[in-house]
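Thanks for coming. Please have the sequence and the structure open while I talk.

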Amino acid sequence: MGLSLYRKKRVFNKTPEPRSGKSGNGPLIFVVQKHKDKFASEADITLKDRSVISRKTIEKMTAKEKDAAKAGARKTLPEKSTRIPAADSKRKTLLHPTEKAQTKKINGKELYFTNLNKTFWKEEKITKRDLLNYYYQVAPYILPFIKDRPQSLYRFPDGYKGKSFYQKDVTGKVPDWATTYLYHSEGDKQDKHFLVATDEASLLFMVNFGCIDINPWSSTIKKPDRPDWCLLDLDPGAKTTFNKVIDAANAIHNLLNDIDVPSFPKTSGSTGMHIYIPLGKKYTYEQSKEFARVVVTMVQRQTSRFTTIERPLHERQGKLYLDFLQNRPQATLAAPYSVRPKPGATVSMPLHWEEVKHGLKMKDFTLKNVPSLLEERGEIFKPISGKGIDMMAALKRLQQADEADTSQSHREKTTVA
DNA sequence: GCGACCT
DNA sequence: AGGTCGCAACGCTTC
DNA sequence: GAAGCG
């Protein structure tokens, strides 16, 4: 329960017209209503979006990006990054370069690695051994974001183009030393168990099991109802360029900056981007989802030319889908530093916001270059599992920003008129 | 990838 | 001994 | 009530 925000009435256009820079899309829509628990002291919040919220910053941003695109180069800047000694170049490869199977002791557990010579990416000549070596090298970086979290296994026993399947229930399929998490599905009385990642051994076990990407819950088994972070998933349609994804990401960043909410971007490794907002295990999935709904709704209205929050594919018209529904129990997204089952063995790569600009390419980050990149750049995603935002304060600021922009748009209109 | 269950 | 099979499932939305 | 979506 908790913060419940619902659509009162859908008024805005399903296929919004290209904004000619004049008016918004009409009155809103959302009412954030208090419920008796967590936010009992808060008054109802009504956003009357005229959808002019940060248009200027968007336009500014777009101009800046044009310059940047002209200038070419993408600069990186390690600000506050953490070098993780264990992942420095001293951390060598895990596996023998030619043996097709091999036993290794990891975290005191015997792991039998199989089919090491099997090709997982044909074009790039990447083998299962390469994949295991990759995760061994980045284990110190990825583990904080998967540790103690139940995993959805997405298995590709024959490489990224081969037959694949999802697996949640691992009852009887994993070694005795593995940690699992009891669950029941539907009206099923049968005991089922998620695999829980706990350490390097469990990570490498998953990879040997055919998992190319790692898909953890947003919460840990210690507090399964309280996600560490809120997720915004930018999922481009077929005819959306990656530069548009970048525009939308920056629009989200600008809005969140305006309300003092920290956010952390990464490439998805597939076609889109993911943005993380730290919640510090303070809120429910429901609250996280509704917060995300407000944010993407406001951003969608600023960027209605090329984004949508409509779920049915045919409603999207090839636009960039701003997905906030991943903020629910048991939903997963590829973890930071996860390889993806995609051409080029792309990696879901955490970025500095300054890097999120035109010219950035998904294939800038792959299994081949990420380990050495990490040595240079260090860890930058730590804050996503740190101190969380004050969601109520953020919503208030969101409303204030909304109202300020609304009245500003009125002023502009009357001045012009 | 691998165990369960057929032939 | 070899072949085939199964291996997720939930909230939301529209039809 | 079923079927699509992620």
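This is a predicted model: local features need pLDDT of at least 70, side-chain atom pairs count only at pLDDT 80 or more; totals for chains, interfaces and linings use all residues.

Residues are numbered from 1 along each chain as its sequence is written, chains are lettered from A and ligands numbered from 1 in the order written, and side-chain values use heavy atoms, without hydrogens and water.

Chain A has 8 helices and 17 strands, taken as DSSP runs numbered from the N terminus (helices H or I, at least four residues; strands E, at least two). Of its 417 residues, 56% are buried, meaning under 20% relative accessible area with a 1.4 Å probe, protein chains only.

Now helix H4, residues 242-258, which holds His253. Is His253 buried or exposed? His253 has a relative accessible area of 14%, so it counts as buried. Leaving out residues up to four places away in sequence, His253 touches Ser263 and Trp353; contact means heavy atoms within 4.5 Å.

Next, the partner of H4. Two packed helices are described by the angle and the distance between their axes. The axes of H4 and H5, residues 285-302, come within 10 Å and cross at roughly 120°; axes are lines fitted to C-alpha atoms over the stretch in contact, with angles from 0 to 180 degrees between N-to-C directions. H4 is therefore oblique to H5, as angles are called roughly parallel under 35 degrees, roughly antiparallel over 145, roughly perpendicular from 65 to 115, and oblique otherwise. On the H4 side, Ala248, Ala251, Ile252, Leu255 and Leu256 meet Val295, Met298, Val299 and Gln302 of H5.

Technical notes. Buried means under 20% relative accessible area, exposed over 50%, partly exposed in between (1.4 Å probe, protein chains only).
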